[in-house]
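Subject: Structure handover

Hi,

Here is the structure we talked about. My notes follow below it.

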Amino acid sequence: MVQSILGGKGRVWGYGGIIVLILLPLFLPRFYIYLTSLILLYGLFATSLNFALGYGGIYQFHHAVFYGVGAYGAALVITKTGLSPWLGFIVGPLASALLSFVMGLICIRLSKLYFGMLQISLGSLVWAVIYRWYGLTGGDDGIHGIPMPDIIATPNSAYYFTLIVTAASLFVIHRMIKSPFGSALQGVRDNAVRSEMIGVNVKRHQLAALVIAGFFAGVSGALFVVVDTTVFPDMLFWTFSMEVMIMCLLGGWFTFMGPMLGAALIVLLRTFISTFTVYWALFLGLILMFVIFFLPDGVLGFFQKKMKQKN
Amino acid sequence: MLQVKALTKTFGGFKAVKDVDLNVKKGEIVAVIGPNGAGKTTLFNLITGILKPDSGQVFFRDQDITGLPPYVICKKGMTRSFQIVNVFQRLSVFENVQISVMSREGKTWNLFTPSKKLLIEDTDRILDSVGLLGKRENISGALSHGDRKVLEIAMALGGNPEFLILDEPTAGMAPEETERCIELIKQLSDKMGLTILFCEHDMELVFSISERIMVMVRGSTIIQGSCEEVRCNEAVQDAYLGGSDVCLM
Amino acid sequence: MDFIYSFISPGFLSQILVGLSRTVILFIVASGLSLILGVLRIPNVFHGSLYMIGAFMSYTISVAFGGGDTGFWLALIGAPIGVALISLVIERGLFQYLYEREHLMLILFTFAISLVFGDLVKLVWGAEYKSVPVPQVFQGFVSLFGGLPFPKYNTFLLFMGPVVAFALWLLVTKTKMGKISQAAAVDREMVGAVGINVSWVFATVFVIGCLLAGLGGALVAPTVSVTLGMDHSLIMEGFLIVIIGGLGNIWGALLGALIFGLTQSLGILIWPQFGIVFPYCAVIVVLLIRPTGLLKSTW
């Protein structure tokens, strides 16, 4: 998977990276393990967005809804029913996929920007319901201290669980991007009219891409429940959707590992900057402006271009 | 093979295409000519389903295809190229054509087989036939204008059509590229037996390869006939060719 | 019978008036948003920030003049102008270089500015609640329908709504600028081709749109506690209004604001806990029936 990003050396980098990630808990303190887990699951979240946005060219403006619904789905199954938590981890993403399908069905007939705006409004409805339904969702307090099965209850085991699920998900997403479906999807992104004219049913492919993206956003949401044992309504507030778009943009839209890199940069920068100022949003805004003006292809995209020029 | 009956399309009061009739028989090469804004591209958009006509009908192989979406029409064996270059910018030449071939084979719903292993030979054969095989790995957005126009045709061929519509295939091409393109169109007709409907500004091209010509002015057909008939028709000369009183060429 | 009576009860009617005063604020802000969307095609996320800044500025001006009537009127004029100046700097300094970029980049860029503004407001005004005094003339209540009190200031808002709508109508249909901008919304190249400086048309429209956000903020300031975060909830409402009205259509914005304001205020009456959900449901109902909004969009 990494090969396609870094060329021949990719495989070495990839295996090296995975080994480092596996060994990480041996020498990093607890807080950094927690942070790395967050990076992984945000990275998966951003990658799922990039599947629809970067590869599919669909204006998925409110992706956080599917992340939040995945998390709430898992949390509610665990806290409100007597069922197995593992079932919750399956129900959450499936709920996201279903919601994604329904919202997609409503939005897909509209043109690009209208699609995005309508999606924001539908997503805000979901947010409003979760925000207000104290009886079920805990309202603006959210749900805290969600019990986890023993095997993933410690920070390290939660980390390994996140690592495995993220790696498996990325593998599947990468596989899909490289499949005929992925090719057709990229064709639709580059030129929808042309795609129709070579026999591709554009809307149906886009809808499928939305469902897939929604599902993996749900997976990352469920992983957040594992790592943080909380859910709260801000997880599906629209500003978070913007933040995850920033992750994709910062790392690079048209690269596979870009969103993961973007997530890592954002999480690390936030942690670092927050140690000496409360004005993190100001920095994020400035970083974003800088990227839009000077690095429109993102960090990874920038280096890819440089490498191509060298060759 | 293709029958267009009284096709009409209005954009906010402006009749872009009015009452156009057109017949194309199997194996023919038919040209549509006319000044800019005559409605040629609109006509092609109506035939291929990108636009829906206000009235009139389109029959393809005796089936009514009026108002069907483009992807359905494509599956029936009619594909087209575009006047403004319309390729998948960020993908390689090979991938551009491969998607078209995969679509024909109904493989675009395959989620897990790597594309790399699929339909290589079919795709390469098409690239070879249009002379783009040497550039198969190039990113299509970085190709020369002429190559992109040819890629357009290659993508249309990926659908394995019987009927091909070309919207100004040589527009903006250098002279030698144009010659290559004319050669290509002739081959498509002779060797592959394709029926071709095209529009073009280059009169030399039109008269050298088409069997019949339709002239459109301001949305209407003024004449449909053989090259000879069109060349010497007074109305055509008045309306389109600038009113010279000698036969062209 | 009781049921029907409950609908014409004084409580219900005064709630409608509350909804209408909310409509005025929403309309003023959303019409600016819609103007910018229609002509410049930018979904301006920091429109909400400008509304917030308008409210904070009006606090500062009002306090600077001792919190009296003079302060209020000066704030009502000064805050929108201040906001307009800020937007002019942003448009000329940053935005004009980005018009050719994709919508996605534009929306992210406006979001970046809203992030910066959010923190700048925190830096300048602090994180505490601010309250702007209601001017003497509008203090107190008028009694309506059987003695129910209705804030005098809200009657002022109800008066301002039509005034702004009329001014906008004049601006868009009667001035040269308005006509050019309407034409530019439909066909940019054409307007550029006839020798009009499109760049400055865009700047003007942008500034007017932002001025409306500032005006909304200044008008709303005496009725709410001015606080951080008022930008985020408002911008979402603004977008929804613009969508159901039809992108770029300012009369659509009026209609959308009406639907939004009324469903909001009546929703609270009908089902307090989920009052917030009603406008969103209205949006979905509208869009299911008319996917591109109630009135003709300029897109």
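How far apart are the closest C-alpha atoms of chain B and chain C? The distance is 13 Å, and no contact joins these two chains. A contact here means two residues whose C-beta atoms, placed from the backbone, lie within 7 Å.

Some ground rules. This is a predicted model; local features need pLDDT of at least 70, side-chain atom pairs count only at pLDDT 80 or more, and totals for chains, interfaces and linings use all residues. Residues are numbered from 1 along each chain as its sequence is written, while chains are lettered from A and ligands numbered from 1 in the order in which they are written.

**Interfaces**

There are 2 pairs of chains in contact, and chains A and B share the most contacts. On that interface, 35 residues of chain B meet 22 residues of chain A. Four elements of chain B give two or more residues each to its side: helix 2 (70–75), strand 6 (78–81), helix 3 (93–104) and helix 5 (145–158). Helix 3 of chain B has the largest share, 7 residues. Helices (H or I, at least four residues) and strands (E, at least two) are DSSP runs, numbered from the N terminus.

The contact between chains A and C takes 32 residues from chain A and 29 residues from chain C. On the chain A side, helix 6 (112–132), helix 12 (238–251) and helix 14 (280–294) each give two or more residues. Helix 6 of chain A gives the most, with 13 residues.

**Core**

The largest nonpolar core has 262 residues. Such a core is a set of buried Ala, Val, Leu, Ile, Met, Phe, Trp, Tyr and Cys residues joined through C-beta atoms within 7 Å. Buried means that 20 or more other C-beta atoms lie within 10 Å of the residue's own; exposed means 12 or fewer, partly exposed is in between, and C-beta atoms are placed from the backbone. Among the residues with the most contacts inside the core are Leu49(A), Ala75(A), Ala154(B) and Val83(C). Helix 11 (residues 202–228) of chain A gives the most to this core, with 17 residues. Domain 1 (1–77 + 161–249) and domain 2 (88–160) of chain B both give residues to the core, so it lies between them. The domain bounds come from an automatic or database domain assignment.

Leaving aside neighbours within four places in sequence, Ala75(A) touches Ile143(A), Ile146(A), Val225(A) and Val231(A).

In chain C, 16 of the 21 residues of helix 11 are buried, so this helix is largely enclosed by the rest of the structure.

**Chain B**

Chain B has 9 helices and 10 strands. Of its 249 residues, 44% count as buried. Its C-alpha atoms fill a box of roughly 60 × 40 × 35 Å along the principal axes.

One open sheet in chain B has 4 strands in the order 2-1-4-5, with antiparallel pairing. Strand 2 (14–24) and strand 5 (63–64) stand at the edges with a single partner strand each, so one side of each has no neighbour in the sheet. Strands pair if DSSP finds at least two bridges between them. Strand 1 (residues 2–11) of chain B pairs with strand 2 over 7 bridges. Lys9(B) has Val17(B) as its bridge partner, and Val4(B) stands opposite Leu22(B). The two strands form a hairpin with 2 residues between them, and Gly12(B) in the turn has a positive phi of about 45°. Strand 1 of chain B also pairs with strand 4 (residues 55–60) over 5 bridges. There, Thr8(B) partners Ser55(B).

Best wishes
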